[in-house]
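Have the sequence and the model open beside you as you go.

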Amino acid sequence: MCLTAIVVSHHMGAGRLPSLPFRPMTHLPRTALVTGAARGIGRACARALAEAGATVHVVDRDGDAVKAVAEETGGHAHVVDLADPEALAALPRDIDVLVNNAGLQHVAPLTELPPERFELIQRVMVTAPFLLLRQTLPHMYAQRWGRVVNISSVHGLRASPFKGAYVAAKHALEGLSKVAALEGAPHGVTSNCVSPGYVRTELVEGQIRDQAEVHGISPDDVVGDVLLTRSPVKRLLEPEEVAAAVLWLCGPHAASVTGVSLPLDGGWTAN
């Protein structure tokens, strides 16, 4: 698959239609960076971008797993703890496509949520994307093309009890993405969120097993009656579906799609 970028000059007279020359992405020095790329959504995004022809920098704290993904995709592995600003500063800056995906969860009432856990989740899911934007946007601005895709969540648009740290972080990521969209627009840079519901990842599979044991019901009933109780579509998303949306946002047809949140939630936010 070949991605194509639309290059649009913002120095246009009033009412004048822009010239839209199509440039194959293979003619650009396109390089992607994906965080949380060792498994799940991040791994699927790395695979999709690599299959589209991008050179992918895969970032994760799980050294063995991220090295395996890099080998599979022909990319570059970076074993980095995203909570460490100094480690982030060592990541490459000449990035054309930035996918902020890494995240973690802690389920507890606000009265029992450890402050240090809340802070860690904000550092990984809000501060790290902000720092990566600061590092990579100058390169995107200079070449007048770039794509930022933030993997948010339906919990960036809606709240659930007992997920205060995660919901706060995803709401913050949604806002950060919109600011990046407004600031990046004059430079040919788009910024968007993909906001999925429950995705079939190791984290969610673990939640399903735990919920099945707690409620004394089958894993299938957990999916339909517990996790997806507010979703009309009663199935988990596959990581590849999220990756396909990410790839779409990097294509020429999405050149004017910026500052949006694309829900992949089975109708959850419509219900």
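**Exercise 1. Find how strand β3 pairs with β4, and how the chain gets from one to the other.**

Step 1: β3 (residues 31–35) and β4 pair in the parallel sense, over five bridges; pairing takes at least two DSSP bridges between two strands. Helices (H or I, at least four residues) and strands (E, at least two) are DSSP runs, numbered from the N terminus.

Step 2: From β3 the chain goes through helix α1 (residues 40–51) to β4, a right-handed β-α-β crossover. Right-handed here means that, with the strands pointing away from the viewer, the path from the first strand over the helix to the second runs clockwise.

A word on the model: it is predicted, local features need pLDDT of at least 70, side-chain atom pairs count only at pLDDT 80 or more, and totals for chains, interfaces and linings use all residues. Residues are numbered from 1 along each chain as its sequence is written, and side-chain values use heavy atoms, leaving out hydrogens and water.

**Exercise 2. Now follow β4 to its partner β5.**

Step 1: β5 (residues 76–79) runs parallel to β4, joined by four bridges.

Step 2: V59 has H78 of β5 as its bridge partner.

Step 3: Together with helix α2 (residues 63–73), β4 and β5 form a right-handed β-α-β unit.

**Exercise 3. How many residues of β4 are buried?**

Five of the six residues in β4 (residues 55–60) are buried, meaning under 20% relative accessible area, with exposed over 50% and partly exposed in between (1.4 Å probe, protein chains only).
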